[in-house]
Each structure stands twice: as C-alpha cells, then as structure tokens.
Amino acid sequence: MKKYGIGLSIIVFLIVGYFVTDSILFDGVKPRQINTNGIQANYFTKANVKNETTIILLGGGQWGDFWAQEFAKKGYVGLSLPYIGVEGLPKLPEAIDLGYFENAIKWLKEQPEVNPNKIVVMGASKNAELALVLASTLPEHISGVIAYAPSSVSWSNTVLPYNSDELKSSWVYKGEDIPYVPMEKFSGNDTNSIETLDYWNNGLAKIEAVEKASIKVEDINGPILLFSGKDDKVWPSTLMADKIEARLGENNFKHGFQSIKYDNSGHLISSHPDINSDYRKGTMRIKGKDYEFDYGGTKEGDAKAKAEAKIKLMAFIEAL
C-alpha cells in the first residue's frame, strides 16, 4: 500500500481521506457524474429510490466515493463532492466559497431520489470542520452532521503548509470571511520529526480569536455525530469534540448529539474503514525538508474503532 507524504499528506489527513488505493466495488450501484450548477460530483443511488436521506461526502475523491457507495447500497443517496484539485475548481483549499456547496444542495433538492428535508453533510478532519461550518451556516438546507476527527473552530488557510503565504480564511460566504483562528505556518527544526499537537493547542490558546472563530454548532438544524480517537496525535480532535459538546450544552441544543471517543485510536479513525495501514506516520514537507509526524493510535485500535464507528454511523442515518 502506498505511503503518502503530507505535501500531499495534509490533503490526505485534512482534506480527502487516507490510504485509499483499492478500487471501489459498485455492486450494481454505478455513480452518475454531475457537472452542473458549477458543481462537479459523483452521484450514487439505486434505481427506483425515492425521497430518501442523502449524505454529502465533503472532499469527494476515493474516500467520498467509498462512503457514497456504501450509503447507496443501503438504499440512501450519496453525493461525493470535491471542491478543489479538479479542473474548473480551486487549486488550493483556501477562501472556499460556501455558495458552491449551497448550489450542490439546491441541485440535490430537485432530484426525485432525494428527501429535501433529510440532507446530511459528512467530513473527516479539515472536512469535518467544513461539515460543521456548513451546517451552522446553512441550517435551512442541512439536517444533520457526521464529523470524524472534528474541529471546534474554523482555522485560517495557513494551517496547510502548501497554501499561499497570505493569511486568509479557509471559508467565505456571500463575500464575507467565516471568522478564523489566524495561524503561522508550521516551522521546521533540527530533527527529522515534528510534533503537530503543540501547533494546534497553541492556536486554541488564542482565547479572543477562538471565541470569534468557534463554530456556531448550536445553529445546526439536526442531530450531530462526532467520532474521535483519544490518541489522535495530528490534532486534538477529542478535546475539540469536548468543546463542541460544551457549547451545545451552554446553548440548550434541541437536537440529538453523540460524541464517541475510542481508546487506542488516532487520527486514522477517519480513514477507509475496511483498509488498515501498517504505516503509523506521515510526512510533511516544510521549506524543502521532509519531517515525519505521528498519526497516533495503534493499527488494532484504529481497526476496532473504525469498524464500530461504521455501525454507529449507519444507525445514526437509519434513525434520521
């Protein structure tokens, strides 16, 4: 199995998914390529499906196609939706217009297979951040969130070392920045490894910025399901899940909420649930030098967490 580096690897762990190299088995549910309303996506649904729960897989790619396929096999609708790296879409994940996703949802609502009142967004890591931001910004369109290794705040574009050096919001809507925690880029050192947790924890210590950039999860118009690994060494996803839970409690959130945390699991809880990699480290390139970083968890812990999370995820969808 191929090992990705984080020049690409941060896209892997913060944008798309990890170590997904096996081809998708379609089992009779073939995707329809969508290129309309300015969106590009793969649309998965069985024949004769009507008015069903629909899950948008933010980031698309093989991770998104896998999950969209799994949902379609269960009789739901899946939309694997990339937003960068495809011709006609932005090259870099910065200042991404949430109107793109709003257009995708409007298109979905016109499809006979889709229940317009049961559209869920799902993402992992940086895309978990996006899922929570979207659902809190577009509560009239989105009725649930699934977030693997979530974030409680919106971060600046500079958390990704290959992005432009100019400080920007990761997300914008109607010409306005979604408030963000401003971050300097990762800096190198004299060793060949880098600890990423300190970077994010230092960001969370910016109290005034965090207050402004905290995602208004209380505005989400539907249930929320969070998964995190207690040994996540990429970013403090369990801590941020706790912050989300606290905010919801303070605001008397009226919908269902689950935050499921797994021992001996790390950031790779968000990777393909049926593929378990022997690689426990990734690489990040900073100013021409490669550094190793740790995903956390164990192979066995991640495998158990992913298998259990998949069952709980499907139960969450079934209960909508």
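Contact here means heavy atoms within 4.5 Å. In this predicted model, that criterion can be applied to I142, which is placed in the loop between helix 4 (126–137) and strand 7 (145–148). Leaving aside neighbours within four places in sequence, I142 is in contact with I105, I119, V121, L134, A135 and N221.

With a relative accessible area of 1%, I142 is buried, since buried means under 20% relative accessible area.

## Helix 2 against helix 8

Helix 2 (residues 61–73) packs with helix 8 (residues 299–318) at an angle of about 55°, and the axes of the two helices are 12 Å apart. Helix 2 and helix 8 are therefore oblique to each other, and their crossing is right-handed.

From helix 2, the contact is made by F66, W67, E70 and F71, while helix 8 contributes K310, L313, M314 and I317.

In helix 5 (residues 197–204), the buried residues are Y199, W200, G203 and L204. These residues cover an arc of only 135° around the axis, which puts them on the same side of helix 5. On the other side of helix 5 are D198 and N202, both of which are exposed.

G75 is found in the loop between helix 2 and strand 4 (77–81), and its relative accessibility of 16% makes it count as buried. Apart from neighbours within four places in sequence, the residues in contact with G75 are V49 and E52.

N48, in turn, belongs to the loop between strand 2 (39–44) and strand 3 (52–58). In contrast to the buried G75, N48 counts as exposed, at 74% relative accessibility. G75 and N48 are 27 residues apart in sequence, and their C-alpha atoms are 9.6 Å apart in space. The backbone of N48 has a positive phi of about 70°, although N48 is not a glycine.

## K174, another positive phi

A positive phi is also found at K174, a residue other than glycine, where the value is near 55°. K174 lies in the loop between strand 8 (171–173) and strand 9 (176–177), and with a relative accessible area of 66% K174 is exposed.

The loop between strand 13 (289–294) and helix 8 holds G297. With a relative accessible area of 19%, G297 is buried, the cut-off for that class being under 20%.

When residues up to four places away in sequence are not counted, G297 touches D231, N264, S265, G266, R280 and D302. P139, by comparison, lies 158 residues from G297 along the chain, and the C-alpha atoms of G297 and P139 are separated by 34 Å.

Notes:
Residues numbered from 1 in each chain as written. Predicted model: local features only at pLDDT ≥ 70, side-chain atom pairs only at ≥ 80, totals over all residues. Heavy atoms only, no water. Axes fitted to C-alpha atoms, helices over the stretch in contact; angles between N-to-C directions. Helix = DSSP H or I, 4+ residues; strand = E, 2+ residues; numbered from the N terminus. Parallel < 35°, antiparallel > 145°, perpendicular 65-115°, else oblique. Left-handed = near helix turned anticlockwise from the far one by under 90°. Buried < 20%, exposed > 50% of the residue type's maximum accessible area, 1.4 Å probe, protein only. Arc of directions from axis to C-beta.
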